[in-house]
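Opening the notebook on a new model today. I want to go through the annotated site, then a helix pair.

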Amino acid sequence: MGRDEKLVRVDLGARSYDIRIGRGLLESAGSEIAAVLPGARLAVVVDETVAGLHLSAFSESLAAAGLGHTVIKVPAGESTKCFSQFERLCDEVLAARLERGDAVVALGGGVVGDLTGFVAASVRRGMAFVQVPTSLLAQVDSSVGGKTGINSRHGKNLIGAFHQPALVLADTAVLDTLSPREFRAGYAEVAKYGLLGDADFFAWLEDNWQAVFEGGPERDEAVARSCQAKADVVAADELESGRRALLNLGHTFGHALESAVSYETERLVHGEGVSIGMMLAHEFSERLGLIDAETVARVHKHLSDVGLPVTVQAIPGQLPPVETFMDIIAQDKKVSRGALTFILTRGIGEAFVEKGVDPAVVSEFLKEKLEA
C-alpha cells in the first residue's frame, strides 16, 4: 500500500473486501486486481464518457499485469440502467466466454457500477465483481456495500441483487476530471454520512468542504471517512433488514423526485435529488416536532454553501402533482406491507428509521412544499 493510500476493510466474513483510496490508483489497478483475482480474465464495462478519459490508462495497467480483458461500452446516463442494457451486457459477457471464476469490472460512476454489478450477480449465477468508481458519488456510496440493480418504470433500483465486490479501487485523482456539478452532486452523499450518524464529521465538513473540493488530502480523508461509515453499517446489516436503511436518508424523497422528472439528468441528477431529499427529511422531522428550526437552518446553510439545491423549486420545469409523488413513494423499497417507512432525525448525526408513517401527513407536507 502506498504511503498516502488509505484502506477501509468491509468486514463480511468470507465476503470481506478492501476499499483502497488514494491518488493514482488507476496506474496500479492491474496489479491490485491480479493480487485478489489471480489468473482471472475480465470484462470491463465503461460508459462512453469515462472511456474517453480513463480507459486507456486502465487497460494499460491491466495489460502490464498480464490480465486479459474485453471492453464493453455503454451509453452514459441514468437511462442506461435498464433491461435492454442489462440483457446486452449479459450476452456480451457470455460471448466473451468468461467463466464463473473470471470477473466483471465496473469502470465508471454509479450507473455503470449498479448495472455491472447486477450483471456479475446474474451471469453464471454469480461472477467475481470489481468496482473502479470514477465519480465522487460512486466512490463514497454506490461502489460499497453490494447493492446492484437497474431501474423500472415503477421506480429507481427496484430490480437487482445484493452482490459484494471483491475489491474497490477509488482513485481520487480521477475526480479532478468531474464537472463542478457532478462533484457537488457526489458531495451530497458525503454530507449524508455526517447527517445520519456522525455529528463530528458533519462539523469537520463545514470547516473543510472547500479543501475537499480543491482536491488536497482533505478529499482523501472525506472519501475514507465516508467509506468507513458505510462499511460499518454494511457489516452490521448487509441485506438492509434494519440499520442499513439509515443510508437512505433523503433517498425516499430524492428517488421520488428523480422518477417524477423521468430521470432527465439535465433537470436533476441523483446527488441533487438526495440533497433536496435530505432537506425535506429534516423539514419533515421538524414538522413532526423531532428537531428545531436551528438544526434545519444549519443543514440548509451547509448544502447551500456548497452549491447544492435545497428546494423542489430548484428543479427546472414543471413537477407533477402530489398524487404522483405519493404513488412513487408507495413503491419505495422500504415500504413494508403498504406502510410507509422514512428516515427521520432527532438532530445532526441522529437519524433513525421510522416505520408506519401516515401517508396523509406526508401528502400534506409534500403538497405544501410543491406549492411553496
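**Entry 1: the annotated site**

I started with the UniProt record, an unreviewed entry, which puts the feature "binding site" at Gly110, Val111, Val112, Gly113, Asp114, Thr134, Ser135, Lys147 and Lys156. From this set, Lys156 is part of the lining of the largest cavity. I'm keeping in mind that this is a predicted model.

**Entry 2: valine 112**

Next I looked up Val112, which sits in helix H4 (residues 110–122). Is Val112 buried or exposed? Its relative accessible area is 1%, so I put it down as buried, the cut-off being under 20%. Skipping neighbours within four places in sequence, I found Val112 in contact with Val45, Asp47, Val74, Ala106 and Leu107.

**Entry 3: lysine 147**

Lys147 belongs to strand S7 (residues 147–152). I noted a relative accessibility of 28%, so Lys147 goes down as partly exposed.

**Entry 4: H10 against H11**

Then I turned to helix H10 (residues 270–287) and helix H11 (residues 293–305), whose axes come within 9 Å and cross at roughly 170°. That angle is over 145 degrees, so I call H10 roughly antiparallel to H11. Which residues meet here? On the H10 side I listed Ser275, Met278, Met279, His282, Glu283 and Glu286, and on the H11 side Ala293, Val296, Val299, His300 and Leu303. I sorted the residues of this contact into six nonpolar, three polar and two charged.

Methods. Residues are numbered from 1 along each chain as its sequence is written. This is a predicted model: local features need pLDDT of at least 70, side-chain atom pairs count only at pLDDT 80 or more; totals for chains, interfaces and linings use all residues. Side-chain values use heavy atoms; hydrogens and water are left out. Axes are lines fitted to C-alpha atoms, for helices over the stretch in contact, and angles run from 0 to 180 degrees between N-to-C directions. Helices (H or I, at least four residues) and strands (E, at least two) are DSSP runs, numbered from the N terminus. Angles under 35 degrees count as roughly parallel, over 145 as roughly antiparallel, 65 to 115 as roughly perpendicular and the rest as oblique. Contact means heavy atoms within 4.5 Å. Ala, Val, Leu, Ile, Met, Phe, Trp, Tyr, Cys and Pro count as nonpolar, Asp, Glu, Lys and Arg as charged, and the others, Gly among them, as polar. UniProt positions are given in the numbering used here, feature names are shortened, and annotations may be inferred rather than shown by experiment. On a 1 Å grid over the protein atoms alone, a cavity is a set of points where a 1.4 Å probe fits but cannot get out, and a pocket is an open set with protein on both sides within 12 Å along at least five of seven lines; lining residues have an atom within 4 Å of a point. Buried means under 20% relative accessible area, exposed over 50%, partly exposed in between (1.4 Å probe, protein chains only).
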